[in-house]
Each structure stands twice: as C-alpha cells, then as structure tokens.
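Here's a quick walk through one structure. Have a look at it first, and then we'll go through a few spots together.

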Amino acid sequence: MHKNSTNLLILGRTSDYLPSCQSTNDIAAEMLSTKNPIDGHVVWTTDQTAGKGQRGNTWESEPGKNLLLSIILYPKFLNASNQFLLTMAISLGVRDAIQFLIPNKEVLIKWPNDIYVENYKIAGILIENTLKNSNLDQSIVGIGSNVNQRDKLHEHATSIATELGSEVEINDYFQLLLKNIEVYYLKLRSGKESYLKSIYYRKMLWYQEEKLFSSGEKYFHGTILGVNNEGKIQISTEEGIRSFGLKEIKFIINR
C-alpha cells in the first residue's frame, strides 16, 4: 500500500492507494475489524475488480481509468433515525466536484445517491453504516466515479472525460472530491440539517417535476416531494402521497 494524504481537517489525512483490489469497501471493513484507522481515512484505487453498487449490483470499471474509493468515518454525532443526512452530505460533495469539472452541463443527484449528467450516470455511492445504541458508530462511504473511461461504458453511463472531451488527472480529481465532500460533512457535523436538505432538493433529479415511474409491474406518473427521515422518496400520485424504498421504485428515464 502507498500512503498519501491531504491537508483537509478530516478526509484523507491518511490514505492507502492500491494499484488494484477487489473492493475498497471490503478492505475498509477489514481495516475497521483489525486496525484502528483514523476518522476520514481513505482507501482508493484505479482498478477495482469486484466493486459494489446499490441493489446488490456490481460496479464495473476499466483499469486505470476511473476513481474508486472508500472513506472511513465515525459519525457518532448522528442519530440512526437521521442517517440519510449522511447520504445527502456525501452526494452533494460528489456532485459539486463533478460540476466544477464540467460547468457547462447540469449535474444532479438521482435519489438516493447516484450522480447524473443529463440522464446518464457518472458516479455512484454506497454507504455501509454500523450502529451503536441509537447513533451511527462507523460508516464506510464507497464512491465510484467514471473519470477517464470512454470506451465500454454502460449504455446509460457517461464519464468526466466523455463530457469534457479530454482526460483529467485522477489524483487532482481525488483531491477535489475529498475537499468538496468535507465541506458538506462539516455542515452535517455542525447540525446544518435544514441547509443540507434544501441544497439536496435543489440539486435533485426530477424534484417537483411530474415524471414516469414504475413499482413492481405498475407504471405511474408522479411528482417527487422530497425524502423522509427513513430515506424513502415521497411522491405525489393520483392515489395520494406514497413513500418508496430503494428497491421499490424505478425512474423511467427517456434517453
């Protein structure tokens, strides 16, 4: 492992770069069980062979072209009932970093924590929390970003290089990403819940727009109203306001 560090208050003060690994989240979990990594420690790679995604999916990445990382956090200040606020903070940081690099395109958060550029996925987040009593104890924040990959992308995906028309330095993006995430994590730590929610909704894909969704085999039109404390999306439909968990609803995106 190669050591690297940032000048930030929390994120990346220590980090481990691996040329290749199966899953940075798995390595971070092993560190938590066998070592005592500091708050904000980062495990990162540009070649992940068995990355994890939401819904039990895998994250496929071309070796050397993208950034895959896991951040170890100890958000003991956050009540378990409000853990989606951590998702909001991380998602906003990732969104801002990508928006900075591609200012001419609109970058939005697709609930709960995918990052999209004009209906195409550019980054994904997987957060694994451990609870102690009524609060969070440990969190592993896994983030996969399509950076310089332009070939063999999923048909519904894009990358920073694709949108820019040129490649970016992955180490520079690594620093930018951590810097932007820390801004929102510090807001969360200082209790700025209303601020985080307002910004998250402002940058949320389809927020307060009537769109097409599906749940099970049923298709329906609805308008996103927000997200409740459990992290479920709330949608106004002909049947009234309904709440959906991650695996209970799909966005029908026309491309």
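## Around Gln-149

Leaving aside residues up to four places away in sequence, Gln-149 touches Ser-61, Glu-62, Lys-65, Asn-66, Ser-159 and Thr-162, where contact means heavy atoms within 4.5 Å. Keep in mind that this is a predicted model, in which local features need pLDDT of at least 70 and side-chain atom pairs count only at pLDDT 80 or more, while totals for chains, interfaces and linings use all residues. Residues are numbered from 1 along each chain as its sequence is written, and side-chain values use heavy atoms, with hydrogens and water left out.

You'll find Gln-149 in the loop between strand 10 (135–145) and helix 3 (160–164). Helices (H or I, at least four residues) and strands (E, at least two) are DSSP runs, numbered from the N terminus. Is Gln-149 buried or exposed? Its relative accessible area is 4%, so Gln-149 is buried; buried means under 20%, exposed over 50% and partly exposed in between, with a 1.4 Å probe and protein chains only. A polar atom of the Gln-149 side chain sits 2.9 Å from the backbone nitrogen of Glu-62, and the side chain also reaches the backbone oxygen of Asp-151 at 3.1 Å.

| Residue | Phi | Relative accessibility |
|---|---|---|
| Asn-119 | about 75° | 24%, partly exposed |
| Asn-133 | near 60° | 76%, exposed |

Asn-119 is in the loop between strand 8 and strand 9 (120–132), and Asn-133 is in the loop between strand 9 and strand 10. Another backbone detail is the cis peptide bond between Trp-111 and Pro-112, with omega about 0°. Pro-112 belongs to the loop between strand 7 (107–110) and strand 8 (114–117).

## Helices and a sheet

Helix 4 (residues 170–189) packs against helix 5 (residues 193–202) at an angle of about 140°, with the axes 8 Å apart. That makes helix 4 oblique to helix 5. On the helix 4 side, Tyr-184, Lys-187 and Leu-188 make the contact, and on the helix 5 side Tyr-195, Leu-196 and Ile-199 do.

Further along, five strands form an open sheet in the order 14-13-12-11-15, with antiparallel pairing. Strand 14 (240–244) and strand 15 (250–251) are at the edges with a single partner strand each, so one side of each has no neighbour in the sheet. Inside the sheet, strand 11 (residues 210–215) and strand 12 (residues 218–227) run antiparallel and are joined by six bridges. Ser-215 stands opposite Lys-218 in strand 12.

Technical notes
Axes fitted to C-alpha atoms, helices over the stretch in contact; angles between N-to-C directions. Parallel < 35°, antiparallel > 145°, perpendicular 65-115°, else oblique. Pairing = 2+ DSSP bridges. Polar contact = N/O pair within 3.5 Å; in protein donor to acceptor, adjacent residues only side chain to side chain.
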